[in-house]
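Okay, thanks for coming, everyone. Let me put the structure up, and then I'll walk you through the parts I like.

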Amino acid sequence: MEFKSINQLKSLLDENKISVKEIAQTYIKKIKEKKDLNIFIYFDENIIDDQVKEIEKLPNNKKLKGIPIAVKDLFCTKNMPTTAASKILENFNPTYESFVTQKLINEGSLFVGKTNLDEFAMGSATNTSYFGNTINPLSNHDIPLAPGGSSGGSAAAVAADLCLGSTGTDTGGSIRQPASFCGVVGIKPTYGLCSRWGIAAFASSLDQAGIFSKNVTDASILLEEIAGHDERDSTSSNVAIPNYSKQLNSDLNGKTIGIPKEYTVDGISDEINAVWDDAIKSLEKKGAKIKHISLPHTKYALPTYYIIAPAEASSNLARYDGVKYGFRAEEAKSLDEMYEMTRSEGFGKEVKRRILIGTYVLSAGYYDAYYLKAQKVRKLIANDFIETFKDCELILTPTAPSAAFPLNEKQDDPIKMYLNDVFTVPASLAGIPGISIPYGKNKSGLPLGIQLLGKHFNEQEIFNAAFALEKDYE
Amino acid sequence: MSNFVKGNKYEWEIVIGLEIHAQVKSNSKLFSNSSTAFGSNPNSQVSLVDAAMPGMLPVINSYCIEQAIKTGIGLKAKINNYSVFDRKNYFYADLPQGYQISQYKYPIVGEGKVSIDFKDGSSKDIRIVRLHLEQDAGKSLHDQNPTKTYVDLNRSGVALMEIVSEPDIRSADEAGLYINKIRSILMYLDTCDGNMQEGSLRADVNISVRKPGEDFGTRCEIKNLNSIKFIKQAINYEAKRQIEILEEGGTIQQNTLLFNTNSGKTKPMRSKEEAHDYRYFPDPDLLPLEIDQKIIDKLVKSIPELPDERKRKYAEEFNLSNYDASVLTADKSVSDYFDSVIKSDKALIDSAKIVANWITTELFSLLKEKNIEISNSPISSEYLGKLIKLIKENIISGKIAKDVLIEMFESKEEPQIIIEKKGLRQVSDTSEIENIVDEVLHENQKMVEQYLSGKDKLLGFFVGQCMKKSKGKANPKILNDILKLKLSKKN
C-alpha cells in the first residue's frame, strides 16, 4: 500500500477508512523490508506503538494526525536517543524535545524513527556516519548509490516510501542535494524561519531545519507547522508564517525568474544543463519572464563556506569532551589525555578534519586572513542576491553538479566531495530559502533536481513556482 | 605623594593595572534562567544551556545588560550602543561549552574613570579602559575524592562584569583604594553585592616595575585574587621579586602567576608553551547587541546618588574633610546610616563631625565585636541621634555616653530611658557641684596647699576626685569652672 500525499492519508483517516494503528503497521512493515538500506539509526516498534496510543486520543482536526514522519538524528528527541551519527553521542538520551519535532508532535505526527546522516551533518553522501552508509533506494542492484548528504537518511526514507515526510537540516546543501539525489522535494527555508533549539549544532550561522516530502504541497503543509518564532533561539525570526499550502498558486504570470550565468560551470554534465533548460522553457511557457542575471561572487562561495562552517563547528563541537554526557575514553590518566582520547576515538575522520580546519582559520595570526575575510566575502555574496532580487522574484539553478554517485566514489577526496555543494552553498551563506524538486532523469534513469531560490522569508513564492514545475512530471 | 620603592641599588616605581571581575547582581544567569543563589547544593542550579547540552542556545538576560550599563554610567564611562558577544575557546572540565561567552572587540562599556582619595586629602583619577560582560565558569572540586575531580556547574553561566583599568595604579595601597572604590560604586548602584568572600568580586593584577621616568617594564599577571589583603600582599611580593631580578641584571618573563596565600609567594600558572590561543570569534548563536539610546537615557535617570556625590555633599554641607567624607561614603550602608542620624534631628546638622566620629569609632567597634552589619545595627540611627543630642545639651558627658551606647547596643532601649533608669544624668546644678568641690577641697587640704604653692598639675587630681564623688555625672565644664574659682579664692 502506498499513500501519495498527506492530504490523501488524512482523508482516509478522517473517513475512518484507516486507523492510526494501521498506518503505523503499514510503515513498520515497509521499514523492516528496507532494513538493508540502513536508512534509520533508530527504529523501535514499541516506541511507535506508544505513540499510536497517544495519537489515537487526539481530535481529528490535528493537522498531522497519524502522518508518518522520519526525523533526522540531529534533532534531539525525548523518546528516542539522539546520536548525530557520532560515536561521541552513542547512547545519548536527551531529556528535551527540539522545537521543530515538538511542533510536529503537537499536531499528531507519528515518528517512525531517527534517520541516518553524515556525522554531525558533515558530508555530502551520508558516508561519514558512525553507523555506516545509507544506500540510495534508487540504486540498481549492482552499484549501490549514495543518497547524498548530510540528510541522506531523511531523503532516502521519503524516496523509499518509509514515511510521508521527514525533517532535515541544511547547512550548505544538506537538504537540497540529497533531495536531488533521491528524487524527492526538499526545502531549506530562510535562515531563522525555524528555531534551531534542540538541533545539535554544526555551523550556527548556517544551520537551518527543513523538510523532505513526496510533493510540493506536502512540503508546504509540513513547513508551515515547523516554522515560527522561538524565544529560546536568538537567531529565530519573529515573522508571521503564511498558510503556504492554502495559498499555493501555480500562476507564474508577471513573475521574473533569474538565471545566473555563474552556475554554468565547467565539467558539469550536459544532462544537468539539459534539465535546467527544460525547466527554464517550462517556466516561460507558464507565463514567467526569464532574465539572465549575474551573481559575480559565486565562485568564492565554496571556499568561503569551507572557512566559516568549520570555524563555527570547531567551537560548537568543543562541548563534546567526555565530561558531561556521551562517550568518554576511560583509560585516560589526566584531564588533557581524557580530552585527547575521547575526541580522537569519539569523532570520525571528516569531523576531525573540519575541527582542524576550523581551529586553524580562527588561530591567532590567521584569523584576519581567513575567518574575517570569509565573513566579508559572505556579505558580498549576500549582496549579490539582494541586488538581483530587486529585479526578479526567483532564481532557478541546478541543485547538484551530478546525479547520485556510487557509494564508494569520492570517499578519499574531500575536495571532490566538497564540490557537491557548489550550487547550494551560496544561498546558505546568504540565508535565503531554496527548494530542490525532482525534474527529469538522466540516461541511467536517476533523478535530477532543480533548485529555486527566493528572497528572505518568501517561501511562498518558491512553493508556487515549484508547484507549477512539479505539474510537468505528474 | 611619591610612591617610589627602594631596591638595593635603585629607586623603582611599581606600575599596576587591575582587571576586576564583579558578579552582576541578578536573580538569573547571563544566558539562561537558572538561579544565581550562592551556596546551594552542587549542580542544583544548572539548566540545559548551562550544562551545554546538544542543541541548547544562549539567550541574553536583558536585566544583566541593564546592570552593566548602569555600572558603566556609575564609572562615568562611555556606553556603547553596539556591542558583540564573542566566544573564547578553551577546554576545561568546568567549562561545559568548551568556550566562554565574553566580549572581546566590542565591549558594552568603553572608557571611564574613578577617583580614589588619600588620607592627606588629595585625590587621584584611575582611568577605566572598558567593562565587558562574560559568563563565569563552573567549579572543579579536587578535594572531595582522592582519585576523582567533581564538577559543580551552579556558577556556570553566572554574569560577570570585567572592569579593566589603565596601568594608572602605583602602589599596593592605591590598588586597595581603587578596589574599594569600585566595590563602593557597584554597591551603591546595586549592580554587584560586593561580597569578596563569596567570590562576587575578584581581581587579576597586572604588575611591572620601572625606574622612574622610564618606559613600562615587562608585566606579569597575578590571577584570581579575592581579598584586598591578598592583593596588597601579592603586589608587594611580586614587585620585590621583579626588582630583585632586574637589579641582578636579569629580565622579567611575561607570565601568568598564581598567588599562594599560605606562603605569600607568586608562582607561574603555566609555561609559555602552554599559553592559550583563545580563537575569539563572534558567537553565531547571538546577534550583536544594539542598545537604543532611549534605554540608556532612562537608566541614567535611575542612577542613585553615588559615593563621590555624597562625599561632595558631606564636605559642603557638613564641613567634613575630604578623607572623612570618603571614609563615611565608602560603604553605602554606613553613609545611609549617617544620613539617617543627621536627618533624625535638625540640631545635629552642626554636629556632623561628632556624628561621624561616633559612627566610625564607637559604633563600629561594637558592631565589629559582634560581627553585625551596620544595616542590622541594634542601635537605630534615631537613637544614636538622640544620644548625641544628649551630649550636646550637656545632659550626659561623652564618657558616660559611651557606657550608655553599650547599654543601648544590648537592650535596644532609648538612651533617655537608660539614663533615667541608671541615674546617669549629668549634674549641671552649680550648688550641687559646689558642695562636692567643697567636700573634696576639705578632704585634701595638703594638696590644696601644694597646688597653691605652684603645683598646677594637681588640678587634674581635684577634677578626678570630684568626678568620682559625682559618680562621673558632674558636668565637666561647670566642675572645672567652680573648682578654679574656689581654688583661686583660697589664695
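Quick one to start: which residue in β11(A) is the bridge partner of A:Leu394? That's A:Gly454.

Before I go on, some housekeeping. This is a predicted model, so to speak of a local feature we need pLDDT of at least 70, side-chain atom pairs count only at pLDDT 80 or more, and totals for chains, interfaces and linings use all residues. Residues are numbered from 1 along each chain as its sequence is written, while chains are lettered from A and ligands numbered from 1 in the order in which they are written.

Helices (H or I, at least four residues) and strands (E, at least two) are DSSP runs, counted from the N terminus. I call two strands paired if DSSP finds at least two bridges between them.

Buried here means 20 or more other C-beta atoms within 10 Å of the residue's own, with C-beta atoms placed from the backbone; 12 or fewer is exposed, and in between is partly exposed. Both faces are covered: A:Pro447, A:Gly449, A:Gln451 and A:Leu453 on one side, A:Leu448, A:Ile450, A:Leu452 and A:Gly454 on the other.

What about its partners? β9(A), residues 394-398, runs antiparallel to β11(A) over five bridges. β10(A) also pairs with β11(A) in the antiparallel sense, over six bridges, with A:Ser436 facing A:Gln451 as bridge partner. Those two make a hairpin with five residues between them, and A:Gly445 in the turn has a positive phi of about 85°.

Keep going and you get to β5(A), residues 185-188, joined to β10(A), residues 434-441, by three bridges, again antiparallel. There, A:Ile187 has A:Ile435 as its bridge partner.

Zooming out, they belong to an open sheet of eleven strands with mixed pairing, ordered β1-β3-β2-β4-β6-β5-β10-β11-β9-β7-β8 in chain A. β1 (40-42) and β8 (289-293) of chain A are the edges, each pairing on one side only.

Last stop, the contact with chain B. It takes 34 residues from chain A and 25 residues from chain B, where contact means C-beta atoms, placed from the backbone, within 7 Å. On chain A's side, α9 (301-316), α10 (335-346) and α11 (349-362) each supply at least two residues, and α9(A) gives the largest share, three residues.

Definitions and conventions
Two residues are in contact if their C-beta atoms, placed from the backbone, lie within 7 Å.
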